[in-house]
Amino acid sequence: MSTEVQGYLGATLLEAGPESLRVEIERLSRELSETTSEKIQAAEYGLAVLEEKQQLKQQYDDLEIEYEAVRQELDHLKEAFGQANTNHRKVAADGESREESLIQESACKEAYYEQRVLELQNELRQTRNILTNTQSENERLIAISQEMKETSEMVELQRTQLRDDIKEYKFREGRLLQDYTELEEENISLQKQVSMLKQSQ
């Protein structure tokens with residue numbers, strides 16, 4: 001708040017009556033309470049978002065681990081498939097049927113794991129998107145919380161200024177009442193002197 005605005009506010013508040021000042025303080029107190037409540041709600045929501053972000057990150061890490069394990073298992077399976085294919089060329093005719101069965105089984109497993117890898121890649125992509133959105137939402141909530149904090153500080157500053165202005169107003173009011181009392185006493189004294197002069201005449 002600038003010096004000119006503070007000066008204008010102070011002059012305006014001094015011109016207002018005590019009742020107007022009390023109403024203004026009550027209004028600012030309600031605004032401060034509402035702002036504080038909204039700030040607490042935003043902080044709670046921000047904590048919930050942070051917890052969700054942590055869970056998503058954990059899920060993302062778990063998916064990466066699972067993806068790596070499946071990829072390694074697929075590599076091993078491809079290597080085993082290659083070895084089985086090589087052995088197939090070397091074995092005798094009586095073992096051909098069993099090896100073909102193993103090759104077919106390996107091919108089925110390879111197809112399954114390749115499909116699983118694709119699914120895990122999609123899940124990882126979706127998790128990355130969710131994590132990015134969560135981070136953006138968290139940044140937005142932090143900005144809102146900061147703005148509400150600044151608003152709360154401004155309201156508190158205004159309330160403090162109003163209290164100081166009310167004290168000054170009450171001090172001036174007491175001084176004026178004192179001056180009025182003294183003038184009233186002086187007036188009564190003068191009236192008595194006038195009356196005495198009239199009587200003496």
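Arg27 is partly exposed, with a relative accessible area of 31%. Partly exposed lies between buried (under 20% relative accessible area) and exposed (over 50%), using a 1.4 Å probe and protein chains only. Arg27 pairs with Glu31 in a salt bridge, the closest N and O atoms being 2.3 Å apart. A salt bridge here is a side-chain nitrogen of Lys or Arg within 4 Å of a carboxyl oxygen of Asp or Glu.

This is a predicted model: local features need pLDDT of at least 70, side-chain atom pairs count only at pLDDT 80 or more, and totals for chains, interfaces and linings use all residues. Residues are numbered from 1 along each chain as its sequence is written, and side-chain values use heavy atoms, with hydrogens and water left out.

**Fold and confidence**

The protein has three helices and zero strands. From the N terminus on, the order is α-α-α. Helices (H or I, at least four residues) and strands (E, at least two) are DSSP runs, numbered from the N terminus. Mean pLDDT, the predictor's confidence in each residue from 0 to 100, is 82 for the protein, and 87% of the residues score at least 70. Over residues 1–9 pLDDT stays under 50, and the model has six contacts beyond four places in sequence for them. Contact means heavy atoms within 4.5 Å. Of the contacts with a separation of 6 or more, 88% join residues 24 or more positions apart.

**Packing**

Buried residues make up 19% of the 201 residues. The largest nonpolar core has ten residues, including Tyr60, Tyr67, Tyr113 and Leu124. Such a core is a set of buried Ala, Val, Leu, Ile, Met, Phe, Trp, Tyr and Cys residues joined through side-chain atoms within 4.5 Å. Helices H2 (18–90) and H3 each give two or more residues to this core. H2 supplies the largest share, six residues. Apart from this core lies another, of seven residues, among them Ile25, Leu32, Leu162 and Ile166.

Beyond its neighbours within four places in sequence, Tyr113 contacts Val70, Glu73, Leu74 and Leu77. Ser152 is found in helix H3 (residues 96–200). Ser152 is buried, at a relative accessible area of 10%. Not counting residues up to four places away in sequence, Ser152 touches Leu32, Thr35, Thr36 and Lys39. Glu68 lies in helix H2 and is partly exposed, at 30%. The C-alpha atoms of Glu68 and Leu120 are separated by 9.9 Å, although 52 residues apart along the chain.

**Salt bridges**

A search of the whole structure finds twelve salt bridges. Three of them are listed here.

| Pair | N to O distance | Relative accessible area |
|---|---|---|
| Glu19 and Arg22 | 2.8 Å | Glu19 48%, Arg22 43% |
| Arg27 and Glu31 | 2.3 Å | Arg27 31%, Glu31 29% |
| Arg71 and Asp75 | 3.2 Å | Arg71 31%, Asp75 35% |

Glu19 and Arg22 are three residues apart in helix H2, so about one helical turn separates them. Arg27 and Glu31 are four residues apart in H2, again about one helical turn. Arg71 and Asp75 also lie in H2, four residues apart, about one turn. Glu24, Arg27 and Glu31 are linked in a network of salt bridges.

**Annotation**

An unreviewed UniProt entry places a "coiled-coil region" at residues 46–87 and 173–200. UniProt positions follow the numbering used here, feature names are shortened, and annotations may be inferred rather than shown by experiment. In the model, residues 173–200 are 100% helix and 0% strand, with end C-alpha atoms 40 Å apart.
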